[in-house]
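Have a look at it first.

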Amino acid sequence: MITKRIIPCLDVRAGKVTKGVAFQGNIDVGDPVAMARAYYEGGVDELVFYDITASNERRDIMIDVVSAVAAEIFIPFSVGGGLRTLDDMRRVLLAGAEKVSIDSGAVRNPQLLAEGAKAFGSQCVVLSMQVKRVPKSDEIPSGFEIYIDGGRRPMGLDALAWSQRGVELGAGEIVVNSIDQDGTKAGYDIELTKAIADLVPVPVIASGGAGNPEHIRDVFVESNADAAIVASITHYGEFSIEHIKQYLETEGVPIRNTW
Amino acid sequence: MIAIIDYGAGNLTSVERAVKYLGYDGKITADSQAILGAEKVIFPGVGAARATMDNLNTAGLAEILWKVYESDKPMLGICIGIQILFEHSEEENTECLGILPGVVKKYDATPTRKVPQIGWNEVYQTGAHPIFQDVPNPAHFYFVNSYYPIPRDDSYIVGKTTYGVEFSSVVAHQNLIATQFHLEKSGRIGLKMLDNFLGEAQ
C-alpha cells in the first residue's frame, strides 16, 4: 500500500538553516547537510529545502548545498525558493535534487510549469501555492486566494482554479500551504487541503500549521492529502519522525516503517 | 567499470552518485564498446517509453542492450528501465525491446488513487533472488510511475506491490533484474539492494 509521506521543510539562507534549529545529539546547528543526514537516518520520507537567500549572487551557495546533500542522502528531496527560469530548475536538478518547487515564479509565468514538465518530466515539477482565506466573491468563488512573495501579495486568483491550471500545465504534485495556519501550530487547514486534494488527480502535500502528531493524523484521515510538510515540531526535537510514524501507524494511517 | 547507460533520460546522475557512494566505478556512457566492456550494466531513468525507445533506437543502444542480455553480463533496469524490457507499452502505443514477454499498462486514476504514483510503497518478495540478500520482506521503496509492467510469464516475477492493482515491481530472468522503483532514492534499504547487484551477491 502506498504510504503517507512526512516531509520536513528546511529554510536555508546563504547556506545555513535559519530559525536556530536545535536537533538532538551532535548536530551542527544550522548546517543543512547535517540536518538532512539526521533526518535521513531518522526515517524521514522526503525533504524540502527552501532557499530564502535574498540576493541572486549568493544562490550558488544553494547549489553547493544541494550537491553536498545529494552526495550522501539517498531519499528524494525538492528545492524551492526563487526559481524563475528553466535554467534555475536545471541547475538544481543536475546538482541532485529530485524535484523543483515553483511558487511565485509559476504565478508570474505559468508557462514555467509547462516548460519544466516538458524538459524534465512532470514528476520533477512541484507547484507550491501560498493560500489565504478571503470572503467568497466572483473573483475568488472558493474563498481561497493565491498570494505570492512570501504570502504578502494577493493575486486575485482562486486557489482551486489555479491548482487545476497548474496540473494542466504540467505540475506533478501540489503543495498547499495555508498562510492562515502557518506558524500557528493549530493544525493544517483541512478544508482547503481536502478541496484541492479532491479536485486534482496528482498527489497533494499539506503544509502549514502542524503542531503535534494528531494534526498530521487529522489531515491524512480527513482529506486525501498524500503527504504533510512539518517544520518546527520536528526541527526542535519536540517530536521525532519515528514517534510521529509510530503514532500514525497505531491510528491506522499507512506509513513507511522500514528504513 | 559499471556502465550506466545514457539514453537522454533524466535521473542518471542520482544513480551514478549512489554507485560511487557504494565504492564502485560508475560511468554514464552511451558508447557501445564501453557498455559491452563493462562488468555490469545499469539502465535507469525517468522518462516516457516512446522517447526512451526512440533515443535507444537512434543511438543503436537497443541492439546493445540485447547483446548485453545475451552475453550473460549482469544488468539492472530501473523505472522506465523495467518497462522497456517488455514487448509493448500503452504509453504512446510504443513497441519496446521485447526481451521479456508481456506488456506495460497505465494505472486508472481515481479520487483515492493519484496518477502518477509518487511515494513509498511496499515490495513483497515473491521469488528468491540474490539482490534481496539482507533486504527486509516486505520493505518500502520509492516509486514514481504512471505505468506498470505485466509479464506474461509469472516465473519472471520476484517482487510484487499493490497500487489499487497488484503489479510486478521486480522482475528477473537469468542475468537480468529490473525494478519499477528507484533503488537510488530508497534510503539505506535501496542502497543495500543496489550494493547486492554491484557486489558478489549477484
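Let's start with K160(B), which is partly exposed at 27% relative accessibility (that label sits between buried, under 20% relative accessible area, and exposed, over 50%, with a 1.4 Å probe and protein chains only). K160(B) forms a salt bridge with E166(B), with the closest N and O atoms 3.5 Å apart; the term calls for a side-chain nitrogen of Lys or Arg within 4 Å of a carboxyl oxygen of Asp or Glu.

A word on ground rules: this is a predicted model, where local features need pLDDT of at least 70, side-chain atom pairs count only at pLDDT 80 or more, and totals for chains, interfaces and linings use all residues. Residues are numbered from 1 along each chain as its sequence is written, chains are lettered from A and ligands numbered from 1 in the order in which they are written, and side-chain values use heavy atoms, leaving out hydrogens and water.

Over all chains there are 26 salt bridges, including these:

| Pair | Closest N and O atoms |
|---|---|
| K99(A) and E173(A) | 2.7 Å |
| E166(B) and K160(B) | 3.5 Å |
| D226(A) and K114(B) | 3.6 Å |

D226(A) is buried at 17% relative accessible area, and K114(B) is buried at 3%.

R5(A) and E46(A) join them in a network of salt bridges.

Now for the interface. Chain B brings 31 residues to the contact and chain A brings 35, contact meaning heavy atoms within 4.5 Å. About 2700 Å² is buried between them, 57% of it from carbon and sulfur atoms; that area is what two parts lose on being put together, summed over both (1.4 Å probe). K114(B) turns up again here: with I118(B) and W120(B), K114(B) supplies 27% of the area that chain B buries against chain A, more than any other three residues.

What about the packing? The largest nonpolar core has 115 residues, and M129(A) and I42(B) are among those with the most contacts inside it. Such a core is a set of buried Ala, Val, Leu, Ile, Met, Phe, Trp, Tyr and Cys residues joined through side-chain atoms within 4.5 Å. Apart from it lies another core of 32 residues, including L85(B) and F86(B).
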